Amino acid sequence: MRRISAGRTKRFFRRMFSLDHRRLREAVEILDSQNEAGQVLFSAGTGLSGLRRKLEELKAEADSLWGPRRAAHRQYYQAQERLEEAEKAIREHTV
């Protein structure tokens, strides 16, 4: 077990990799906050570097896929438009 854990203790693994309800809520609050310092501390404590950058990338990707308002750049609405055009073509060519 020592080789696998590289000398780390059970307490270390609990602190770094175990989430109970309280710690999960704290993590969500930190990630949802606009407080960059809190996010940096969370990233450092968990070993997740570049957390803020990754969150921004994911938000941008999500926005490109779908949003509550129709926008031409969103892939969902592009696909929906193609589907409606295909259904219209089928209706027009159906005897």
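1. Surface patches here are built from residues with over 30% relative accessible area and no salt bridge, joining like charges within 9 Å and nonpolar side chains (Val, Leu, Ile, Met, Phe, Trp, Tyr) within 5 Å. Leu65, Trp66 and Tyr76 make up such a nonpolar patch, and together they have about 320 Å² of accessible area. Areas of this kind come from the Shrake-Rupley method with a 1.4 Å probe, and for residues only the protein chains shown count as cover.

2. The model is predicted: local features need pLDDT of at least 70, side-chain atom pairs count only at pLDDT 80 or more, and totals for chains, interfaces and linings use all residues. Residues are numbered from 1 along each chain as its sequence is written, and side-chain values use heavy atoms, with hydrogens and water left out.

3. On confidence, pLDDT is the predictor's own score for each residue, from 0 to 100. The mean pLDDT of the protein is 78, and 66% of its residues reach 70 or more. Confidence is lowest in helix 1 (residues 2–5), where the mean is 58, and highest in helix 6, at 94. Where pLDDT is low, the predicted coordinates should not be read in detail.

4. As to the fold, the protein has six helices and zero strands. Read from the N terminus on, its elements run α-α-α-α-α-α. Helices (H or I, at least four residues) and strands (E, at least two) are DSSP runs, numbered from the N terminus.

5. Of the 95 residues in the protein, 13% are buried. Buried stands for under 20% relative accessible area, exposed for over 50%, and partly exposed for what lies in between (1.4 Å probe, protein chains only). The protein exposes about 8400 Å², and carbon and sulfur atoms supply 57% of that area. Among contacts (heavy atoms within 4.5 Å) with a separation of 6 or more, residues 24 or more positions apart account for 9%.

6. Tyr76, a member of the patch, lies in helix 6, which spans residues 75–93. Is Tyr76 buried or partly exposed? Tyr76 counts as partly exposed, at 43% relative accessibility. Leaving out residues up to four places away in sequence, Tyr76 touches Leu65 and Trp66. From C-alpha to C-alpha, Tyr76 and Trp66 are 5.5 Å apart in space, although ten residues separate them in sequence.

7. Rings of Phe, Tyr and Trp (its six-membered ring) pair if their centres lie within 6.5 Å; planes under 30 degrees apart count as stacked, over 60 as edge-to-face and the rest as tilted. The count by this rule is one aromatic pair. Tyr76 and Tyr77 are edge-to-face, because their ring centres are 5.2 Å apart and their planes stand at 85 degrees. Tyr77 is buried, with a relative accessible area of 10%.

8. How many salt bridges does a search of the whole structure find? The search finds three, a salt bridge being a side-chain nitrogen of Lys or Arg within 4 Å of a carboxyl oxygen of Asp or Glu. One of them joins the side chains of Lys54 and Glu57, at 3.6 Å from N to O. Lys54 and Glu57 are separated by about one helical turn, because they are three residues apart in helix 5. Lys54 is partly exposed, with a relative accessible area of 43%, and Glu57 is also partly exposed, at 37%.

9. Another salt bridge is formed by Asp63 with Arg74, with the closest N and O atoms 2.6 Å apart. Asp63 lies in helix 5 and Arg74 in the loop between helix 5 and helix 6, so the pair ties together parts that are eleven residues apart in sequence. Asp63 counts as partly exposed at 34% relative accessibility, whereas Arg74 is buried, at 10%. Arg74 touches Asp63, Ser64, Leu65, Trp66, Gly67 and Arg69, not counting residues up to four places away in sequence. Leu65 and Trp66 in that list also belong to the patch of point 1.

10. Glu81 forms a salt bridge with Arg70, the closest N and O atoms lying 3.9 Å apart. This pair links distant parts of the chain, with Glu81 in helix 6 and Arg70 in the loop between helix 5 and helix 6, eleven residues apart. Glu81 counts as partly exposed, at 41% relative accessibility.
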